[in-house]
Amino acid sequence: MLRTEHLSLAYGDKPVVDNVSLAIPEGGITCLLGPNGSGKSTLLKSFAGLLPARSGQVYLDDRPVEQWDRRRLALRLAMLPQKPIVPDGIRVRDLVALGRFPHRKWWQRNLTTDDSATLNAMAMTGVSDLAERPVEALSGGQQQRVWIAMALAQETDILLLDEPTTFLDWGYQLEVLELLSTLNRQHGLTVVMSLHDLNQAAQFADRIAVLAGGQLESIGNPGEVITEPLINQVFRVHTSIITGPDGRPFCSGFAESFKYASPF
Amino acid sequence: MQIPGAGPVARLLLAGGLSLVVVIVAGVQLGAVDLTWSQVWAGLTGNSSQHVQRVVFELRLPRTLAGALIGIHFALSGWLLQLLSRNPLAEAGILGISAGASLVAVAAFIIGDWIVSSANPYNNASFALQYLPLFAMAGGLVTALSVYFLGMRHGHLSPVKMTLTGAVIAGMLHALTTGALAFWGHAHTELVAQWLAGSLYGAEWQHLRALLPWTLIGLAGVGLLVRPLEVMQLDDQHARTLGLGLNRWRAFALLIATLLAASAVGVVGPVGFIGLLIPHISRRLAGANLPAQLVLCVLLGAVLAVLADLLGRTLFTPYEVPVGVVSAVLGVPFFLYLLSRQP
Amino acid sequence: MLLLMLLFFVGLMAGSRWVSPTLLLTAMDGSSDLLTRITVLELRLPRNLLGILGGAALGVAGAVMQGVTRNPLASPGLTGVIASAALAVVSLHTLSTPGALWLPLMALAGGLLGGALTFAIAGRRQLQPERVVLAGIAVTSLATALTTGLLLVSGAEAAELYYWLAGSLMGRGWLQLQMVLPWLLLPLGTLFVMQRPFRLLQLDDDLALAMGLAVGRWRLIFLLLALLLAAALVAFTGPIVFIGLVAPHIARRMIGNQIQHWLPLSALFGGLLLLAADILARQLAFPQELPVGMLTALIGAPWLVYLLNSRTSPRSA
């Protein structure tokens, strides 16, 4: 479905992602992990076709993403950037409705299909009763749910999220992650997101890809990837890992003789 | 997307429409010589004296309507530019488009005048009228294009950079215009000064004819832009992932904004602040509803321009204060008030 | 420095009548003909001096504004100060016949108002660079609109005023130089004494406060001084933009790490730029004179655009 082959990305002269090949499993939750500057955001952007490849390719359905018509691409994948801009004074309902854009071009919306998709999306994310309220007035968690609703209104199979929990309070973080998990299980939504918190990744992801310095260090299910030597190498943190009742790893770390070396 | 039809928005639009009608009527009525309603009506229906007929038809009506049109032009242009540059302080004047239009228009005027007056001294006026909007538009377009391309960063348009570049270019063009005028425009300083202040003095039907096609084109363009504009409010990446060809639509929006502003400048001279104020007001009134904002801009822009011209004509008779100055004077305190309420 | 001296001499020579170096020397020791003597001593010399001094004033004003607001785009022109000062002067001219003393005072008042307005609009706490510039542009537009409107009232004088509005050093002689001198030298002197607070202010606000600097008060003082410099000059030469913006940048490129040289170098480059522009203004449209403001705009703007392109500007929402 969505995969990369020997993908290298750069901003100007600065290389950010180096020779990464991975495949995103359909219908699963994939998490990109890695320290700041490891190339997670950049990789996500390239999945959405926002960044041309320096070398290698990103393929969606075996066609290079750069060759996709932008509108058709928008019908297959939706992306939620790190710090989205909220248009002044816009209400929840109208913001979610913006997600219908790729489905119509210039003439008025078809009231029934678009409206019902919007309502549906709001119901799935539990923001229906917030529909008439201005987005700016909502809490962080609620806002994030609204953004997800907008992505859902787009009616795509794939949802990309760039650090969706980084600026939220802990409670809201879990709220969002649990929502994504539900959407994945009940609606088959393929989720790819970048996270900072290892334990959250371990808890919610089916597959984890660890990036460091633009390179793919490890990829697999949480149990395979979250190991003491890897975490030590990538994050420069000593950990002790226990396996929880659901079979997923949980780690607590301590920075003994911590020397943070920039991955550049 | 809301279809403006329900509740407070509809009321607003109605109010706006009514104000427009009132203001236009007042514009025709009042002036150096005040007319009564019956006289105006008689004048329109052709049942009055020659004199009244003339006043109504050849002076007031075209002037008032022209005022309404340029109000629409500048308001819409400002609205587009503010959305485009994500900057509530943007408008055609500030981005240098008006300055570019003015410069080329002034230059054309000076050069053309020099050419023409060598041939036939009586042709000055007609030369100016027909071609000035075109020259102004050329100037405005070139400026807009430069600002657009210079405003790019990493291949995408950066709103902030565009605004700053526009400001710098505007400053340069203004200095050039003043310089050119000072240096070469001796004989015509008064006329050009009048024009540079943004004035409806002497506006006639032919001005309207020159302007109207551009109004229509502009309105059509804006209509096309409404949905893309909604999406453009989001951040760039988001808009792209929704399938919007961002660069293309931004260029188009800039084009329409420039056409609107520059054509108005070509006919009337640069009038600032309408494009700055009206979008603000319509945003406050209509909220996040873009189509409603659009209609309000049209209505309120026309109202403000006609009102400004009216005040300019009537407050200091027999002097005429040009529209540009009145709008600036009206504009600033209001603008300050609006801004003081911003975070 | 050397360049400046050279330019100075060229400036003495250039103009509607070329004066060769030898003639120059004769003028200096009093042995030349009357016309040459007048040209060099009465016209060119004070004019060039005014150019250098004025340019220096603008350069310093710009540097001060940039340093004190930590905004690389701050300058008398872009913050509405110059335009408002010009407006004040024009209103004075059109509404009455001003005595020579009133000019700089009015200009100062105008500039003060304009500057205050800009900073008020930009929002007091934030002072984000871009917002200040944008507000300054709005204020400048307003001032310009009002000025243009006033010109209509002035009728016959309009042509003259237009020329003035384009910014020029033409016809500025010893008289003007004498009048403007105190207004320029005093602030310049004061500023050179105040170097230490100036340097501190360029650091973070909180840091400076922690070092015992009354940040708000000092910032105000510096801005006022910068304002004074710019407005006073405008009163005599008309608005000349961009020098206050460009000179400090050039100076900064050259000083590397030694910040203490910034102000003097800005002064130097400011003077250099204005003098050069004036010489060009005199020569390019021989035998007539272009207004200097036009040239500084022509040179300054592209340079600025280049600047905007080469730096990675701070992010704003």
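**Contact between chains B and C**

I looked up the contact first: 39 residues come from chain B and 37 residues from chain C. I counted two residues as in contact if their C-beta atoms, placed from the backbone, lie within 7 Å. This is a predicted model: local features need pLDDT of at least 70, side-chain atom pairs count only at pLDDT 80 or more, and totals for chains, interfaces and linings use all residues. Residues are numbered from 1 along each chain as its sequence is written, and chains are lettered from A in the order in which they are written.

Next I asked which elements of chain B give two or more residues to the side that touches chain C. They are α6 (159-184), α7 (189-196) and α13 (323-340) of chain B. α6(B) gives the most, with 18 residues. Helices here are DSSP runs (H or I, at least four residues), and strands are E runs of at least two, numbered from the N terminus.

**Chain C**

I found 14 helices and 0 strands in chain C. Of its 317 residues, 54% count as buried (20 or more other C-beta atoms within 10 Å of the residue's own; exposed is 12 or fewer, partly exposed in between; C-beta atoms placed from the backbone).

**C:Ile221**

I located C:Ile221 in helix α11 (residues 215-237) of chain C. Buried or partly exposed? C:Ile221 counts as partly exposed because it has 16 C-beta neighbours inside 10 Å. Its C-alpha atom is separated by 9.8 Å from that of C:Leu191, 30 residues apart along the chain.
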